[in-house]
Amino acid sequence: MPKISVVVPIYKVEKYLRKSIDSLINQTLKDIEIILVDDGSPDNCGAICDEYAANDSRIKVIHQKNKGLAGARDAGIAVATSDYIGFLDSDDFAMPDMYECMMAEAEKNDADVVISDYFVFNDEKEDELSERRMNIPPNATFEFIRDGILLDHYASYAWNKIYKRELFTGFTVPPDMYLEDVYMCSHILAKSSRIGVVPKPFICYRQHLSIMDKISKTKRKHGFYLAWSERERVCEEHGFDKPLMYCRRRAQEAAIALKIYDYFHPYMSQEEKNTLDNYLADIPNKPVELQLRHKLRLWIINHVPKCCWMFFSPGIVLRG
């Protein structure tokens, strides 16, 4: 059985895909399972995946209709055979010793999760890598690291970590949402008790210039609300008192911004609108220290919602 299964969701990344896959097949850890999930990509990504699989028995390929990043990850997890799972975005790439180092840490301490530093670079400038160090103290406790991630002190990205596969049993991320990693990470941490740290950057994260239309921006707002309200719920349910108020504030701010932005650019279903309205109605029962602009927005939502257009423009909401 392979030591680790690495799931690669793939959609419209033909330009970058070979470099991403090459970085996995050239890992110093050879005992690796590579799961390529062609998420209905309309370009040649599917054919590229099949080409690699024909030449390397460690590679599995899944072809499916487009389900979004979360759906592609779920498909990969479902066929994984290793005890540990890792993720790689298909426009990024990994340093050759990543999974050897991460698995060594996992096996040494029987860790549920292992976390590492990472690199970032701007789109085509692959030779201009910038390190992102989390500077986790060497003797940090599990609770310190867990709360640091929930408090946004340390990155919640899925791809700079590896996980015991069993942690993914019993939950799924809502399909086609933004901020999937924040949502997922909350559940993983709640089911974990040991976190290993490798203070070295491995993943090279490609940052693209993002150009979104108005509906995509509303969808992004919706993702922020879903992710932070779920993180708030997880903290509340499991008694994570230290990060709870921070997560609650982020969730309330996201809910307020989403309500106003959806007024200008409708995106949510009626069921989603009702859920959001119920959350907003409960805010007075869960007070946190909101900034004045958020308090003002909330007052208008609650007392004169039809007058939103008189007080706000979408440009103002974007900065909230």
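Does D110 count as buried, partly exposed or exposed, and at what relative accessibility? At 40% relative accessibility, D110 counts as partly exposed, because that value falls between the 20% limit for buried and the 50% limit for exposed. Keep in mind as you look around that this is a predicted model.

Most residues other than glycine have a negative phi. D152 can be read alongside it: here phi is near 70 degrees, again positive in a residue other than glycine. You will find D152 in the loop between α5 and β8 (161-164), and with a relative accessibility of 36% it counts as partly exposed.

Is S116 buried or exposed? Its relative accessibility is 1%, so S116 counts as buried. Setting aside neighbours within four places in sequence, S116 is in contact with M102, M134, N160, V198, K200 and F202.

Now turn to P137, in the loop between β7 (130-132) and α5 (142-150). This proline counts as partly exposed, since its relative accessibility is 37%. Beyond residues up to four places away in sequence, P137 touches F144 and Y154. P137 also lies 9.5 Å from V197, C-alpha to C-alpha, although 60 residues separate the two in sequence.

Next comes the interior. In soluble globular proteins, nonpolar side chains tend to be buried together. The largest nonpolar core in this model has 94 residues, and those with the most contacts inside it are I4, F87, Y99, I162, Y163, F168 and M184. Helix α8 (residues 241-264) gives the most to this core, contributing eight residues. To see one part of the packing, select M184: leaving out residues up to four places away in sequence, M184 touches F87, A158, Y163, F168, F171 and V173.

Finally, look at a pair of helices. The axes of α1 (residues 14-25) and α2 (residues 45-55) come within 10 Å and cross at roughly 25 degrees. That angle is under 35 degrees, and α1 and α2 are therefore roughly parallel to each other. The crossing of α1 past α2 is right-handed. On the α1 side the contact is made by E14, L17, R18, I21, D22 and I25, and on the α2 side by C45, I48, C49, E51 and Y52. Sorted by class, this contact has seven nonpolar, no polar and four charged residues.

Note on methods. Residues numbered from 1 in each chain as written. Predicted model: local features only at pLDDT ≥ 70, side-chain atom pairs only at ≥ 80, totals over all residues. Heavy atoms only, no water. Core = buried A, V, L, I, M, F, W, Y, C linked by side-chain atoms within 4.5 Å. Buried < 20%, exposed > 50% of the residue type's maximum accessible area, 1.4 Å probe, protein only. Helix = DSSP H or I, 4+ residues; strand = E, 2+ residues; numbered from the N terminus. Contact = heavy atoms within 4.5 Å. Axes fitted to C-alpha atoms, helices over the stretch in contact; angles between N-to-C directions. Parallel < 35°, antiparallel > 145°, perpendicular 65-115°, else oblique. Left-handed = near helix turned anticlockwise from the far one by under 90°. Nonpolar A, V, L, I, M, F, W, Y, C, P; charged D, E, K, R; others polar.
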